[in-house]
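Student: I am new to this structure and would like a close look at a single part.

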Amino acid sequence: MINLLLFPIIIPFLFAIVLLFFKERIVLQRVLAAVGLIAALAASLFLVYTVKQDGVQTITLGSWPAPFGISMVSDMFSALLVTTTIIITLLVVIYSYTSTGEAREHYFYYSAILFMVTGVNGAFTTGDIFNMFVFFEVLLIASYVLIVLGGEKRQLRESIKYILINVVSSALFVITVAYLYSVVGTLNMADISVKIAEIGQPGIITVIAVLMLIVFGIKGSIFPLYFWLPGSYAAPPIPVLALFGALLTKVGVYAIMRTYTLFFVHQTDFTHGLLMVLSILTIIAGCIGALAYFDLKQIVIYNIVIAVGVILFGAAQMNESGLSGAVFYLLHDMLIKGALFFLIGMIIYVTGTSDLRKMGGLMKTHPSLGWFYLIAAFGLAGIPPLSGFIGKLLIVEGAFQADHIWGSIVVLASSLVVLLSVIRIFIYAFWGEPQALPSVERKPYRGMMVPTVVLVVLSVLYGVGTEWLLPYMTDASNVLLQPSIYIDAVLKE
Amino acid sequence: MRTNDVILQTTTKVVFFIIFLFAIHIFFAGHYTPGGGFVGGLLTTGALVLLLLAFDLKTVQKALPFNFVIVIGIGLLLALGTAAGSILFNVPFFTHAFDDFTLPLFGETSLHTAMLFDAGVYLVVVGSAMTIIQSIGGDA
């Protein structure tokens, strides 16, 4: 079973292909998409178990020797990300059954979702910097399909922006990889790390580090490169928004964390200092956005930006607490953003509007929705024992250890802003006088409730079960902290 | 608006087959020399586009009644299947096998599973290029 680490990539890919043959049969598409993701979930859970038992799993495609062929590497960090990705996608698919509409489902909706998962999992798993570009393209092209599918005027307008931004950043990605190759002469990520250590990171490598930060910063939406995100993400329907919000920016964040812990570790004063300043600015910009809008979607979308800032702030500390906090917070954020988007999707479905000022009194008509929203909101803000707490605690602890007092104060203050922004939704939508609601069918509502409840419960378990998850998180942050584990696993032969 | 394109149509009927055969040649040349599924697929699409220019969308669809999306699917399955075959033998994904065989008519021939993968690439390229051209051309 040396190919095990590829299964979470291959299985969604296989099912995405099979779905191409059944364009008109929606029920079959729904079933096959769910079956494929459940199979992939089983494979990824087994992968986490294997990585825990036997350490980092690697394979070099086509039986080529390691620095020459394309290596795929699954350490605990990427295995956990892959598993979380598949869980969220499975729930998004179930949520889509009742909320997407048959018109979209007829046009390869589920295929596109599965192709996107292929790309996301591939980007998390690959150990080759050019191959990472290829998987970025796979997930981006699938996301182009998802963002434009439906062809509403707003979607068409925003997808032009989205495609343009991503084409430019992809071009920059290739250019950066070419620079890097011209300096170190290799594309294998473990080998690059070794070569950079040998030449001791001269100025040109630092320039490449900044270029990489720009490339992945556009994908991961850091300040000041997040400008495209609020508009583009608000255009597609809620399940797609949940998928994008929970997964796509996280791929950029993962890439920054990987390259900044594996490659560019010799001039941390400059590179990681820059990363930290940008992450703090990202948090501040996100906070301003999250408080500025009365639109449900925009508030939660700006919360993505804040979370990206917090994770990268943790990663920039380069110490044990900071990095394990970043890993904790990254996984937490994927779960909780999915849950929040599901919940606001239901609020929008029930009230027929996304404008906070036109809602009110939902607590009387939809109490269960209200309570689950409150749990998710507290989880997002990091109220113990919910899932956001431990990650933020570790990140701030790491920042204090590294003497970055002001940054930690910003992170802590941002928690209050996050809490305020999501509680504002709660106050406007659930308290107050009930507004006249448009009559809606109950069946889609129940169909959306099931995956939402599962995701909220998962995020609560993630917070409560911190103690039990800790060994996995430690493994994940150890690989980030000690690149030699990663390098030895890839180049051992 | 219909122009007299007898010359174009007559030439196309011959040239189409020349281009198509050349595409097949390039496809097999990719075995050890420059060429392969991608270029072969593009050349084939070029031939099909020439048909579309000389005649019209309906005629070509009648002559080649394929759903090109299905062609993409078959191509992807073929490529993935070839690559995934290595899983059965527990060797790294994408490991290929090849050997020399003595075939009637061809004589000593080197056969390589990479050819099956390339055939998948060929079908994907033809399928996606034709899907794009048909959906853009169909709107006009």
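Student: In what order do the elements of chain B run from the N terminus on?

Tutor: From the N terminus on, the order in chain B is α-α-α-α-β-β-α. That makes five helices and two strands, where helices (H or I, at least four residues) and strands (E, at least two) are DSSP runs numbered from the N terminus. This is a predicted model, in which local features need pLDDT of at least 70 and side-chain atom pairs count only at pLDDT 80 or more, while totals for chains, interfaces and linings use all residues. Residues are numbered from 1 along each chain as its sequence is written, and chains are lettered from A and ligands numbered from 1 in the order in which they are written.

The C-alpha atoms of chain B fill a box of roughly 60 × 35 × 25 Å along the principal axes. Chain B has a radius of gyration of 18 Å, whereas a compact globule of 140 residues would have one near 14 Å; the radius is taken over C-alpha atoms, and the globule rule is 2.2 Å times the number of residues to the power 0.38. Of its 140 residues, 28% count as buried, that is, with 20 or more other C-beta atoms, placed from the backbone, within 10 Å of their own.

Chain B also touches chain A: 16 residues from chain B and 14 residues from chain A take part, two residues being in contact if their C-beta atoms, placed from the backbone, lie within 7 Å. On the chain B side, 12 of these residues are nonpolar, four are polar and none is charged. Here Ala, Val, Leu, Ile, Met, Phe, Trp, Tyr, Cys and Pro count as nonpolar, Asp, Glu, Lys and Arg as charged, and the others, Gly among them, as polar.

Terms used:
Buried ≥ 20, exposed ≤ 12 C-beta atoms within 10 Å, placed from the backbone.
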